[in-house]
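Hi,

Here is the structure you asked to have handed over. Please open it alongside this note.

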Amino acid sequence: MVFGADRECEFLSAPRPSTQETFSGQPLACLEVLGRTMVERTVQQFFQADVEFVTLLAPVALSHSLPSFRERNRALKVKLANDMPLAIGRTLNEYSRNGIDNCFVVSGNLYAETDLLDFFFFHREAMRPVSRAVDHDGPLDMWVVDTAKAMRFDGDQFSKDVNSYLIGGYVRRLDHPADLRGLINDALVGRCAMRPSGREAKPGIWIDSGAGIDRRARIVSPAYIGRGSRVHEDALITRSSSIERNCRIDCGTVIEDSSILANTSVGIWLDLRHAIACGDKLFSLAHGVAVEISDPSLLQPMANVVHAAPARGNLEVIEIEEENLFPLSTQEEAPARPKWQLGANLIQG
Amino acid sequence: MRESSPVIVMEVPTILNDVEGQAFLQETQPLLEGGRPCLVLDCSHLQRVDSAGIEVLLHCMEDAMKRDGDVKLAAVSPACAALLELMRVDRVFEIFQTAQEAVQSFHTPAAIDAPVTLPWYSHPGGLDALKAAS
């Protein structure tokens, strides 16, 4: 253990479904952002800080949209729960019985860049059962708790009578689809430490494995093209736009300051500006409205792959399967046909 | 000076798809056959529109433009505006908040009319003055 004599772990509670925190029926934290879901990125952040293991708590209602993980980790467990506060309490109880003294509790709807070790030592020195992270805009859904003492806290007490730890680094709350776009934009222009998956083919242009770009398509940096996505001729991807996994951008379409979420097909000669598209749903940030497009020639979901394990009973453990649904980012993509060769494309760096 | 035509305001139905669009087109066709038709399509009741519906709007616009007229949209909901933008039609139509504003815009002389009514060679200062002004 890195943190001296104390043993600790952390667990995440995925967001509850609500009108703002979900998009196209999926929680924002479970949507892929630049190749990985926010949940996966947060889990990765904790493993990089050498925590012992991570438990992901998700509501049963969201079992269909559990995030897929690109890299397997045995120290990750996923639990489904009907009553999230109760599940948190039980998990704390379980940790305490197993001799785990301290635990991070983080919402999946939060991206925060902070020194977790420093946060932990701050908590230990404060001699309080709970320490909560705050930033300049207020409290954040991130705590360090003493598992033995915090078991006595119910939901209300959990958010008060705590010690505050100020995070001065980059913080983004994912309360609204616009926050997702903001985070993608910040990541692509380098305002935060988050980096897209795949390789940086040209400065500011990130191409993930298996992506295909027609030589007549134009990608203006910064931009991200996800795994297995296709950008057809005369398409234009510009102004911090991201095309996630398994998407198709058809001929002549312009994607400007927009994000196309995984498994989405965008038709020919369209213009997506300041928007997020997911399947047949379009969220226009400019107009502040979500539109369901019934016309498949405009937007339609690609053949979707089921990532999540089926819903089980309350607090039943679902182990992450060993095989990944998609190749890892470290694998090199297979040689493409000449038409799709990257070097021949009109990419503006 | 052009002769001003009466401006006709027409309500777009709640749903504008292939079927409804054809009915709507038949309804608007007589209005577009006169000289310089000026049509305002009030979209305040429009809830669902697809690419076939947009095609109908473009057809109306095309017919009006052939006769030196124009079609303007009014009271477009944010959802419809997003769809118009997606299909790049928002730059084809002039869109107004209300039907009244759209009607008034027909009576306001367009900037493009100025060179027609006042050619550069008839300007008091001549071409040099026009260049300096621009």
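Predicted model: local features only at pLDDT ≥ 70, side-chain atom pairs only at ≥ 80, totals over all residues.

Residues are numbered from 1 along each chain as its sequence is written, chains are lettered from A and ligands numbered from 1 in the order written, and side-chain values use heavy atoms, without hydrogens or water.

Chain A has six helices and 32 strands. These are DSSP runs numbered from the N terminus: helices are H or I, at least four residues; strands are E, at least two. Of its 349 residues, 54% are buried. Buried means under 20% relative accessible area, exposed over 50%, partly exposed in between (1.4 Å probe, protein chains only).

In chain B, look at helix α3 (residues 78-86). Seven of its nine residues are buried, so the rest of the structure largely encloses it. Among them are C80(B), L83(B) and E85(B). R88(B) follows α3(B) and has a positive phi, near 65°.

The rule is a side-chain nitrogen of Lys or Arg within 4 Å of a carboxyl oxygen of Asp or Glu.

- R273(A) pairs with D90(B), closest N and O atoms 3.2 Å apart. This pair crosses between chains, from strand β26 of chain A to the loop between α3 and β6 of chain B. D90(B) is partly exposed at 23% relative accessibility.
- D271(A), R273(A), D90(B) and R91(B) are linked in a salt-bridge network.
- K72(B) pairs with E94(B), closest N and O atoms 3.2 Å apart. K72(B) is buried at 4%; E94(B) is partly exposed at 40%.

Best wishes
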